[in-house]
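This briefing is intended for a reader meeting the structure for the first time. Please view the sequence and the model together while reading the points below.

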Amino acid sequence: MSDVIVRRADINDVEGIYEIETLCFPDPWTKESLVYEFEENSRAFYVVAELDNKIVGYAGLWCIFDEGDITNIAVHPDYRRRHIGEMIIKAMLDATCREGIVHHTLEVRPSNEAAISMYSKLGFEVEGRRKEYYANNGEDALIMWRHDKTE
């Protein structure tokens, strides 16, 4: 088995991203929404993880001034527990910090303890809560932020 490669995503990755999206989320983004992200949304930034020429994970972010709002992070269920999610987030943070993003935020379900642990390890802290954020079950979302030093 070869090594995982994390790279910036492009429109040719939509099928692989969509497959993971539908496997991982109860309310997945549509394929049309993902195409829009690549073709129309100038604020969108995506990375994918590849293993043996197969997309096994991805993350998306919207760049808004000096903030990055992480929209989705997912790893194919067959490839979890290999630190791929952490590699994806690190690559995204490194790339967007080089572009001037110094604040990163995301929402996460309080029940997703593994994700919260990973985000905390990467410097994110809980700074708020959105009540009944998730439409499929009314679960709250924790709002996590990471503030990078600009000096």
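In this predicted model, Arg8 has Val47 of strand β2 as its bridge partner. The strand that pairs with β2 through such bridges on this side is β1, residues 5-8, and the two run in the antiparallel sense over 4 bridges. Val47 also has a bridge partner in strand β3, namely Ala59.

**Strand β2 and its partners**

- Strand β2 covers residues 44-51, and it pairs with both β1 and β3.
- The pairing of β2 with β3, which spans residues 54-64, is likewise antiparallel and extends over 8 bridges.
- The hairpin formed by β2 and β3 has 2 residues between the strands, and within this hairpin Asp52 adopts a positive phi near 50°.

**Burial of β2**

- Strand β2 is mostly covered, with 8 of its 8 residues buried.
- Side chains in a regular strand alternate between the two faces of the sheet.
- On one side of β2, the buried residues are Ala44, Tyr46, Val48 and Glu50.

**Cys24 and its surroundings**

- Cys24 belongs to helix α1, which comprises residues 14-24.
- Leaving aside residues up to four places away in sequence, Cys24 touches Ala74, Val75, Pro77 and Arg80.
- Cys24 and Leu51 are 27 residues apart along the chain, and their C-alpha atoms are separated by 18 Å.

**The chain as a whole**

- The secondary structure amounts to 4 helices and 7 strands.
- Along the sequence, these elements follow the pattern β-α-α-β-β-β-α-β-α-β-β.
- The radius of gyration is 15 Å, close to the 15 Å given by the globule rule for 151 residues, so the chain is as compact as a globular protein of that length.
- Taken along the principal axes, the box filled by the C-alpha atoms is roughly 40 × 40 × 35 Å.
- Of contacts between residues at least 6 apart in sequence, 58% join residues at least 24 apart.

**Surface and charge**

- Buried residues make up 44% of the 151 residues in the chain.
- The chain exposes about 8700 Å², of which carbon and sulfur atoms supply 46%.
- There are 17 positive and 29 negative side chains, and the centres of these two sets lie 4 Å apart.

Methods. Residues are numbered from 1 along each chain as its sequence is written. This is a predicted model: local features need pLDDT of at least 70, side-chain atom pairs count only at pLDDT 80 or more; totals for chains, interfaces and linings use all residues. Side-chain values use heavy atoms; hydrogens and water are left out. Buried means under 20% relative accessible area, exposed over 50%, partly exposed in between (1.4 Å probe, protein chains only). Two strands pair if DSSP finds at least two bridges between them. The radius of gyration is taken over C-alpha atoms; the globule rule is 2.2 Å times the number of residues to the power 0.38. Contact means heavy atoms within 4.5 Å. Accessible areas come from the Shrake-Rupley method with a 1.4 Å probe; for residues, only the protein chains shown count as cover. Lys and Arg count as positive and Asp and Glu as negative; His and the chain ends are not counted. The place of a charge is taken as NZ of Lys, CZ of Arg, CG of Asp or CD of Glu.
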